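Subject: Structure handover

Hello,

Here is the structure I promised to pass on. Please look it over first, then read my notes below.

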Amino acid sequence: MELDPDDIFKDDEDDPDSEFYQQRESSKEFVVYLVDASPKMFSSTCPSEDGKEETHFHIAISCIAQSLKTQIINRSYDEVAICFFNTREKKNLQDLNAAFVFNVAEREYLDRPTARLIKDFDCIEESFMKDIGSQYGIVSGSRENSLYNALWIAQALLRKGSAKTADKRILLFTNEDDPFGSIKGVAKADMTRTTLQRAKDAQDLGISIELLPLSQPDEEFNVSLFYSDLIGLEGDELAQFMPSAGQKLQDMKDQLRKRMFTKRIVRRITLSIANGLSIELNTYALIRPTMPGAITWLDSVTNRPLKVMYFDILQTERSFICADTGALMQEPAKRYQPYKNDNIMLSVEELSEIKRVSTGHLHLLGFKPLSCLKDYHNMRPSTFIFPSDKEVIGSTCIFIALLRSMVRLKRFAVAFYGSSSRPQLVALVAQDEIISAGGQVEPPGMHMIYLPYSDDIHSNTNAGAPRATDDQIFRAASLIKRIDLKDFSVFQFANPGLQRHYAILQALALDEDDIPEINDETLPDEEGMARPGVVKAVEEFKLSVYGDNYDEESDMGNGKASDASKKRKTAAENAVKESANYNWPDLADNGQLKDLTVTELKYYLTANNLPVTGKKEVLISRILTHLGK
């Protein structure tokens with residue numbers, strides 16, 4: 001019952017029989033995109049990042065298209081529907097006017113996004129006026145209320161699933177802050193009342209309505225005219241709504257390709273405290289590596305997943321024969337241990353019990369001051385533990401009392417944990433709850449840190465190693481201060497390899513000719529490193545450590561190039577020379593790279609300072625990536 005990192009980080013979300021699959025089904029998100037298609041959405045424009053004018057309709061379409069593309073990677077099991085209102089044509093199950101539900105074949109109105117849906121939706125602007133059309137659905141003298149119809153259709157689409165187990169949302173795109181502005185008197189009051197009541201009915205069913213307003217360049221969207229009542233804004237929320245809505249629109253356009261993993265329990269364990277007192281704990285993996293999805297083999301013609309059948313041709317059986325009689329043994333063999341001229345017979349179950357070092361539970365051994373726990377003791381990602389009263393009533397009360405005492409006394413608990421194959425000591429470090437004005441920042445609980453074995457800790461026996469002088473330490477500190485990143489967070493940087501991987505998958509799935517350009521945020525900031533203050537700090541540090549005669553190709557400034565550096569330089573020069581004999585772009589375009597040997601492929605990689613490790617397929621992929629193929 002050990003918490004194996006490979007088991008913790010294993011993704012079981014696609015196994016229908018797993019607990020995580022059932023949790024996934026209960027955490028679905030159903031979204032209906034409502035897009036205003038009135039003529040005002042096509043006539044109103046605002047400048048884009050490249051300086052060109054974009055219509056509000058184009059902005060809404062591009063936001064939804066980008067959201068659909070990233071959703072397949074982020075949360076592919078969520079379901080969406082797209083509905084236009086203020087349209088000339090109508091298409092919906094309720095047969096209501098001025099509302100058109102966009103969909104493709106072999107897909108329900110509310111369903112998971114598909115490649116065909118995304119491809120057709122990307123081209124909808126070109127055919128919208130011909131196939132769907134635009135018109136003002138709310139005009140004076142008419143009782144037709146297109147916004148009411150759209151909300152009714154969205155509510156009907158979101159009847160699927162339960163509000164207790166699914167998050168249901170309506171995202172409304174419009175640039176009309178007063179949809180009933182052209183109507184006067186009793187008719188306007190009646191339309192306003194019925195529309196607000198329809199929105200309230202949807203919210204009472206657990207459906208949230210989110211407004212994404214599109215403002216004019218010279219006039220801001222006035223949410224207080226109508227929509228503040230529809231979505232329930234008041235007080236400070238009303239003043240902060242427009243900035244937050246603008247940021248939400250920007251986030252939809254610039255969504256990062258990444259998989260989203262919901263919080264889930266890894267395993268339930270028992271903590272044995274003393275004298276038979278035990279409590280139940282839930283364990284959570286706080287960190288998991290981000291890896292590309294598993295390889296799925298597809299049919300080259302139909303592009304459908306292949307099912308691989310394995311046949312065990314050589315089936316082997318093992319039998320035991322009695323050495324005395326030669327008879328076939330029917331019962332399973334038993335093992336024995338000689339003891340005082342007698343053989344003690346042991347069954348398989350007894351041997352398994354003897355070898356069992358731990359039952360997989362957590363056994364509390366004692367407490368130590370926090371100062372005894374060092375940073376280097378944390379050699380692998382820790383596990384977060386939290387109490388549960390599901391099986392053992394009262395676990396939460398005991399856990400809270402234990403946590404508060406550990407926080408007050410500044411102690412951590414030492415416990416024994418592991419299986420017969422890997423018994424291990426762990427440290428339980430208490431974390432108190434941290435609350436700020438925005439809510440809970442850190443939850444209360446304990447971090448289970450896997451303590452190293454004695455062989456994992458190596459003492460520094462190199463007592464004669466050179467020591468840095470005070471001047472060298474001062475120059476190093478000055479350099480670090482110059483290049484220190486303010487408010488740094490690992491979440492600011494995306495994995496460029498994964499981003500390119502997802503971009504290639506998107507291009508293949510949507511038959512796109514061009515692969516989306518990926519911005520590598522991990523590359524050095526050459527402009528920042530070229531600042532005079534940074535350059536001066538670097539030169540002063542190099543001068544203090546290596547001296548005046550420092551050469552990057554020499555050994556610590558002695559002026560004599562090492563044999564290794566000479567060999568590397570010679571190999572690099574030879575690779576550049578040999579690489580020039582091949583037309584690499586033509587080889588890549590004609591698919592002839594696979595005909596080259598590994599040595600020939602490494603000529604290109606070495607000449608372009610690329611890694612040369614991996615199998616032949618990896619080297620070819622690396623060359624194609626560098627060539628932009």
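A word on exposure first: buried means under 20% relative accessible area, exposed means over 50%, and partly exposed lies in between (1.4 Å probe, protein chains only). This is a predicted model, in which local features need pLDDT of at least 70, side-chain atom pairs count only at pLDDT 80 or more, and totals for chains, interfaces and linings use all residues. Residues are numbered from 1 along each chain as its sequence is written, and side-chain values use heavy atoms, with hydrogens and water left out.

Asn-275 is not a glycine, yet its phi is positive, at about 55 degrees. It sits in the loop between β8 (267-274) and β9 (277-285). Helices (H or I, at least four residues) and strands (E, at least two) are DSSP runs, numbered from the N terminus. Asn-275 counts as exposed because its relative accessibility is 85%.

Glu-106 also has a positive phi, near 60 degrees, and is a residue other than glycine. Its place is the loop between β5 and α5. With 83% relative accessibility, Glu-106 counts as exposed.

Salt bridges

A salt bridge here is a side-chain nitrogen of Lys or Arg within 4 Å of a carboxyl oxygen of Asp or Glu. Side chains of opposite charge can pair when their charged atoms come close. The structure holds 16 salt bridges.

One of them joins Lys-90 and Asp-95, at 3.3 Å from N to O. Lys-90 is partly exposed, at 39% relative accessibility.

Another pairs Lys-160 with Glu-108, with the closest N and O atoms 3.9 Å apart. This pair links distant parts of the chain, 52 residues apart. Lys-160 is in the loop between α7 (146-157) and β6 (166-174), and Glu-108 is in the loop between β5 (99-102) and α5 (115-122). Lys-160 is partly exposed, at 34%.

Glu-540 and Arg-475 meet at 3.2 Å, N to O. They too link distant parts of the chain: Glu-540 is in helix α16 (residues 532-546), Arg-475 is in helix α13, and 65 residues separate them. Both count as partly exposed, Glu-540 at 28% and Arg-475 at 25%. Elsewhere, salt bridges with shared partners join Lys-28, Glu-79, Glu-108 and Lys-160 into one network.

Surface patches

Patches are made of residues with over 30% relative accessible area and no salt bridge; like charges are joined within 9 Å, and nonpolar side chains (Val, Leu, Ile, Met, Phe, Trp, Tyr) within 5 Å. Lys-481, Arg-482, Arg-531 and Lys-536 gather in a positive patch on the surface. Lys and Arg count as positive, Asp and Glu as negative; His and the chain ends are not counted. Each charge is placed at NZ of Lys, CZ of Arg, CG of Asp or CD of Glu. Lys-481 belongs to helix α13 (residues 470-483). It is exposed, at 70%.

Leu-485, Phe-488, Val-490 and Phe-493 make a nonpolar surface patch, with about 390 Å² of accessible area together. Accessible areas come from the Shrake-Rupley method with a 1.4 Å probe; for residues, only the protein chains shown count as cover. Phe-488 lies in the loop between α13 and α14 (496-509). It is partly exposed, at 46%.

A buried residue

Phe-57 lies in helix α4 (residues 56-74). It is buried, at 1%. Phe-57 and Phe-42 are 15 residues apart in sequence and 5.7 Å apart in space, C-alpha to C-alpha.

Best wishes
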